[in-house]
Each structure stands twice: as C-alpha cells, then as structure tokens.
Amino acid sequence: MDRDKLEKILLNLVFNAIKFTGAGGRVELSVERDAGQPETLTMRVTDTGMGIAAENLENLFRPFWQADTSSQRKYQGTGIGLAIVKELTEAQGGEVDVESALGEGTSMILRLPGPETEASDAENAGETDGA
C-alpha cells in the first residue's frame with residue numbers, strides 16, 4: 001500500500017465530508033480488517049451531512065462533475081477530488097463505493113489490499129528460507 005496515495009485519498013474524503021456537514025454534524029473515519037478477508041482493509045468516511053441524491057451517485061466519480069452547477073453554488077470546488085480518489089484507489093488494486101441518502105449523510109467506503117500481517121510475513125519468510 002502506497003502511504004502517500006492513501007494519505008491523499010483519506011484527506012480528500014475527510015475534507016469533503018467536513019465541507020458538506022453543517023455545524024453540530026459528525027464526521028467519522030473507521031478502519032477495519034475483515035476476519036473473512038484479512039488481506040483487505042475497509043476504510044469508511046461517514047458524515048451526517050447533506051447527502052447525495054440517488055440520481056447523482058452514478059456521476060460522483062466523473063472528473064469535473066458537480067451536483068450544483070450554478071454560478072452561486074454554496075460549496076466551492078473543481079469536481080476533481082473524487083475522480084482522483086477513485087483513480088488512486090484503483091491504482092492500488094482497490095475499489096471505492098458510496099452509500100448516501102439525501103438529507104441524511106454519506107459513507108465513502110474504500111477497500112484496499114492491506115499490508116501483510118506479521119503471520120503472513122513469517123510464513124513467507126519460512127517458505128523462501130527453505131528454497
């Protein structure tokens with residue numbers, strides 16, 4: 001896992017969550033390793049912000065796409081951030097998904113190949129030592 005890419009991904013998602021979550025709202029970052037798939041890390045950035053309309057979800061990762069295209073939109077940005085998140089995630093063999101409901105908030109879910117566990121490292125070292 002490329003730490004620089006992971007940092008860019010997570011900062012982008014956290015900053016977006018903060019930007020679209022009002023005062024008194026909540027933004028959470030969680031990381032877990034699934035017992036059924038220990039080689040995969042699942043990272044989730046969840047907010048209680050404005051949410052995303054179902055009809056806009058399919059466009060969310062397109063470069064320069066914005067839900068609000070008016071010249072007086074409340075939230076500024078270029079529309080490139082989530083496209084970069086998707087590109088960097090896929091470049092590392094991962095995937096990104098979104099769950100959202102308008103007026104309720106959004107969860108951005110990353111699934112990335114995790115770093116090798118100590119047990120895996122020890123097993124691999126044992127295999128190469130015997131060769």
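**Note on helix packing, core and salt bridges**

1. Residues Lys5, Lys8, Ile9, Asn12, Leu13 and Asn16 of helix α1 meet Gly81, Leu82, Val85, Leu88 and Thr89 of helix α2. Contact here means heavy atoms within 4.5 Å. Helices (H or I, at least four residues) and strands (E, at least two) are DSSP runs, numbered from the N terminus. By class, this contact of α1 with α2 has five nonpolar, four polar and two charged residues. Ala, Val, Leu, Ile, Met, Phe, Trp, Tyr, Cys and Pro count as nonpolar, Asp, Glu, Lys and Arg as charged, and the others, Gly among them, as polar.

2. The basis of the note is as follows. The model is predicted, so that local features need pLDDT of at least 70 and side-chain atom pairs count only at pLDDT 80 or more, while totals for chains, interfaces and linings use all residues. Residues are numbered from 1 along each chain as its sequence is written, and side-chain values use heavy atoms, with hydrogens and water left out.

3. The protein chain has three helices and four strands. From the N terminus on, these elements run α-β-β-α-β-β-α. Of the 131 residues of the chain, 33% count as buried; buried means under 20% relative accessible area, exposed over 50%, and partly exposed in between (1.4 Å probe, protein chains only). Among contacts between residues at least 6 apart in sequence, 56% join residues at least 24 apart.

4. Two packed helices are described by the angle between their axes and the distance between the axes. For α1 and α2 the angle is about 150 degrees and the axes are 9 Å apart. The axes are lines fitted to C-alpha atoms, for helices over the stretch in contact, and angles run from 0 to 180 degrees between N-to-C directions. The crossing of α1 past α2 is left-handed, a term used if the near helix is turned anticlockwise from the far one by less than a right angle, with right-handed used if clockwise.

5. Within α2, the buried residues are Gly81, Leu82, Ala83, Val85, Leu88 and Thr89. These buried residues pack against α1, β3 and β4. Leucine 82 is in contact with Asn12, Leu13, Asn16, Leu60, Phe61 and Met108, leaving aside its neighbours within four places in sequence. Glycine 93 follows α2 and has a positive phi, near 80 degrees.

6. The largest nonpolar core holds 19 residues, of which Leu13, Met43, Phe61, Leu82, Val85, Met108 and Leu110 touch the most other members. Two or more residues are given to this core by each of α1 (3–19), β2 (40–47), α2 (81–91), β3 (95–101) and β4 (105–113). The largest share, five residues, comes from α1. A nonpolar core is a set of buried Ala, Val, Leu, Ile, Met, Phe, Trp, Tyr and Cys residues joined through side-chain atoms within 4.5 Å.

7. Side chains of opposite charge can pair when their charged atoms come close. A salt bridge is counted where a side-chain nitrogen of Lys or Arg lies within 4 Å of a carboxyl oxygen of Asp or Glu; by this rule there are four. One of them joins the side chains of arginine 44 and glutamate 99 (3.4 Å, N to O). This pair links distant parts of the chain, with arginine 44 in strand β2 and glutamate 99 in strand β3, 55 residues apart. Arginine 44 is partly exposed at 27% relative accessible area, and glutamate 99 is partly exposed at 44%.

8. A salt bridge also joins the side chains of arginine 111 and glutamate 95 (3.5 Å, N to O). Arginine 111 lies in strand β4 and glutamate 95 in strand β3, so the pair ties together parts that are 16 residues apart in sequence. Arginine 111, at 29% relative accessibility, counts as partly exposed, as does glutamate 95 at 45%.

9. Glutamate 90 is partly exposed, at 42% relative accessible area, and lysine 86 is partly exposed at 30%. Not counting residues up to four places away in sequence, lysine 86 touches Phe61 and Val96. Lysine 86 and leucine 60 are 26 residues apart in sequence and 10.0 Å apart in space, C-alpha to C-alpha.
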